[in-house]
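Here is a friendly walk through a protein chain, from its surface down to single residues. Have the viewer open as you read.

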Amino acid sequence: AEWLERQLHLALSATGDRVLTWGNEVWSALSDSATGELVCAFRERASLGVVFPDGQRIATASGRDGSVVVWDGHSCEPLTEIAHRPGLRSMAVLGNGGEIALLDDTATIQVWDIMTGSVLRSF
């Protein structure tokens with residue numbers, strides 16, 4: 001598909017029915033893995049992406065500005081926005097998906113609450 005040309009990375013849902021792709025600071029896409037059909041296109045700049053364990057939510061992040069957006073995987077609408085500092089290097093969903101861990105270029109890990117968008121702990 002044409003929209004895949006600038007996509008460099010991917011993450012699969014736990015059930016394998018959804019695939020999230022993104023490039024280096026270009027838009028990201030959520031697709032049906034069986035058909036390849038585009039489900040959602042997210043125009044936010046993304047250098048990181050993750051699919052939540054429930055398969056119903058995804059998160060994209062910009063390493064440049066540190067913004068993280070948690071999206072509804074069906075309505076394609078933003079659920080939560082987190083304003084982390086620039087320099088994000090990695091992110092991971094913790095446990096059942098209520099928390100997300102962010103690693104930045106200062107080697108600091110912050111764990112954020114998805115519902116409130118607040119920092120729970122930092123180390």
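## Surface and overall form

The chain exposes about 6300 Å², and carbon and sulfur atoms supply 52% of this area; accessible areas come from the Shrake-Rupley method with a 1.4 Å probe, and for residues only the protein chains shown count as cover. This is a predicted model, in which local features need pLDDT of at least 70 and side-chain atom pairs count only at pLDDT 80 or more, while totals for chains, interfaces and linings use all residues. Residues are numbered from 1 along each chain as its sequence is written, and side-chain values use heavy atoms, with hydrogens and water left out.

Along its principal axes, the C-alpha trace spans about 40 × 25 × 20 Å. The chain has a radius of gyration of 14 Å, which agrees with the value near 14 Å for a compact globule of 123 residues; the radius is taken over C-alpha atoms, and the globule rule is 2.2 Å times the number of residues to the power 0.38. Buried residues make up 46% of the 123 residues, where buried means under 20% relative accessible area, exposed over 50%, and partly exposed in between (1.4 Å probe, protein chains only). Of the contacts with a separation of 6 or more, 25% are between residues 24 or more positions apart; a contact means heavy atoms within 4.5 Å.

## An all-strand chain

How many helices and strands does the chain have? The secondary structure comes to zero helices and twelve strands, and from the N terminus on the elements run β-β-β-β-β-β-β-β-β-β-β-β. Helices (H or I, at least four residues) and strands (E, at least two) are DSSP runs, numbered from the N terminus.

## The sheet E5 to E8

Strands E5, E6, E7 and E8 form an open sheet in the order E5-E6-E7-E8, with antiparallel pairing; two strands pair if DSSP finds at least two bridges between them. At its edges are E5 (48–51) and E8, each pairing on one side only. The twist averages 15° from one strand to the next, with axes as lines fitted to C-alpha atoms (for helices over the stretch in contact) and angles running from 0 to 180 degrees between N-to-C directions.

Within this sheet, five bridges join E6 (residues 57–61) to E7, and the two run antiparallel. If you look across that pairing, you will find Arg-57 opposite Asp-72 in E7.

## The sheet E9 to E12

A further open sheet of four strands has the order E9-E10-E11-E12, again with antiparallel pairing. Strands E9 (88–94) and E12 (119–122) stand at the edges with a single partner strand each, so one side of each is left without a neighbour in the sheet. Here the twist averages 20° from one strand to the next.

Six bridges join E9 to E10 (residues 99–104), which run antiparallel, and Leu-88 stands opposite Asp-104 in E10. E9 and E10 form a hairpin with four residues between them, and Gly-95 in its turn has a positive phi of about 50°. Three bridges join E11 to E12, also antiparallel, with Val-111 opposite Arg-121 in E12. The hairpin of E11 and E12 has five residues between the strands, and Gly-117 in this hairpin takes a positive phi near 70°.

## The disulfide

Which cysteines form a disulfide? Cys-40 and Cys-76 do, with their sulfur atoms 1.7 Å apart, and the count comes to one disulfide by the rule used here (a pair of cysteine sulfur atoms within 2.5 Å). The pair links distant parts of the chain, 36 residues apart: Cys-40 lies in E4 (residues 38–46), and Cys-76 in the loop between E7 (67–72) and E8 (78–83). The torsion about their S-S bond is about -70°, so the disulfide is left-handed. Is Cys-40 buried or exposed? At 2% relative accessibility, Cys-40 counts as buried.

Most residues other than glycine have a negative phi. Cys-76 is a residue other than glycine with a positive phi, near 65°. Ala-107 also has a positive phi, about 65°, although it is not a glycine.

Ala-107 lies in the loop between E10 and E11 (109–113). With 60% relative accessibility, Ala-107 counts as exposed. The C-alpha atoms of Ala-107 and Arg-64 are separated by 16 Å, and the two residues are 43 residues apart along the chain.
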